[in-house]
Amino acid sequence: MKTLLKIISGTLFIFFCNNTSAQEIYITSIATGDWQSATTWDLGRVPACDDRVVISTGHRVSVTTNNQTLEECSDPTYIYVYGTLFFTSSGKLDLSCGSGIQVFEGGLIDGDGSGGSNRIKICGEEVWKISDGAIDEPFVLGDTPPVLSIELLSFTAAAVQDNTRVELKWITASEENNDFFTVERSINGLSFEEIVRVKGA
């Protein structure tokens, strides 16, 4: 699942593509928050083994503890960073062998550097630490994560009819196992309502 955000006239719109493959579970940030807080994620739980983790544009997900639970997974974990993956205090992230983190345009991996202990390990090997500096351009740590279920060419949102409506348009280059798109809106960025579903190609 991939999430894109647009703000028009103070209203936050979220755009989801919904993958039909039962073997791929996407867990997507729905707010800025702590990695270990269920309220940060759309599935109402924290990332677990076999998940594909999406940090949405505009969200900052903070790793605040030594998170080793994903290191013990039998399958790789893939993380897609469109927003910010931020390490505070002694935040650490350990992933299983074969895992990967992909930072996209506009994405960021960074930390506050307190104690200098912020780091990411994959298969027991340190692939990033706070002293390496921020990753603020397209980059891959570990193995390249599989492509998300859609390849988006464009997404636009524009106010129309004297700012009483918003017109959303998107174009995909490809869709794999995509059932439908969901558009949700929120006035406060906390509670969302679904406003339309559009069948996938």
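Trainee: Is phenylalanine 181 buried or exposed?
Mentor: Phenylalanine 181 has 2% relative accessibility, so it counts as buried. Buried means under 20% relative accessible area, exposed over 50%, and partly exposed in between, with a 1.4 Å probe and protein chains only. Keep in mind that this is a predicted model: local features need pLDDT of at least 70, side-chain atom pairs count only at pLDDT 80 or more, and totals for chains, interfaces and linings use all residues. Residues are numbered from 1 along each chain as its sequence is written, and side-chain values use heavy atoms, leaving out hydrogens and water.

Trainee: Okay, rings in general. How many aromatic pairs are there?
Mentor: Searching the whole structure gives 5 aromatic pairs. Rings of Phe, Tyr and Trp (its six-membered ring) pair if their centres lie within 6.5 Å; planes under 30 degrees apart are stacked, over 60 edge-to-face, and the rest tilted.

Trainee: Why is the pair of tryptophan 35 and tryptophan 41 called edge-to-face?
Mentor: Their planes are at 80 degrees, with the centres 5.5 Å apart, so the pair is edge-to-face. Tryptophan 35 is buried at 1% relative accessibility, and tryptophan 41 is buried too, with a relative accessible area of 1%.

Trainee: And what does phenylalanine 181 pair with?
Mentor: Tryptophan 170, in a tilted pair: 5.3 Å centre to centre and 55 degrees between the planes.

Trainee: Switching topic: which ring does arginine 60 lie over?
Mentor: Arginine 60 lies over the face of phenylalanine 86, 3.8 Å from the ring centre. The rule is NZ of Lys or CZ of Arg within 6 Å of the ring centre and within 35 degrees of the ring normal.
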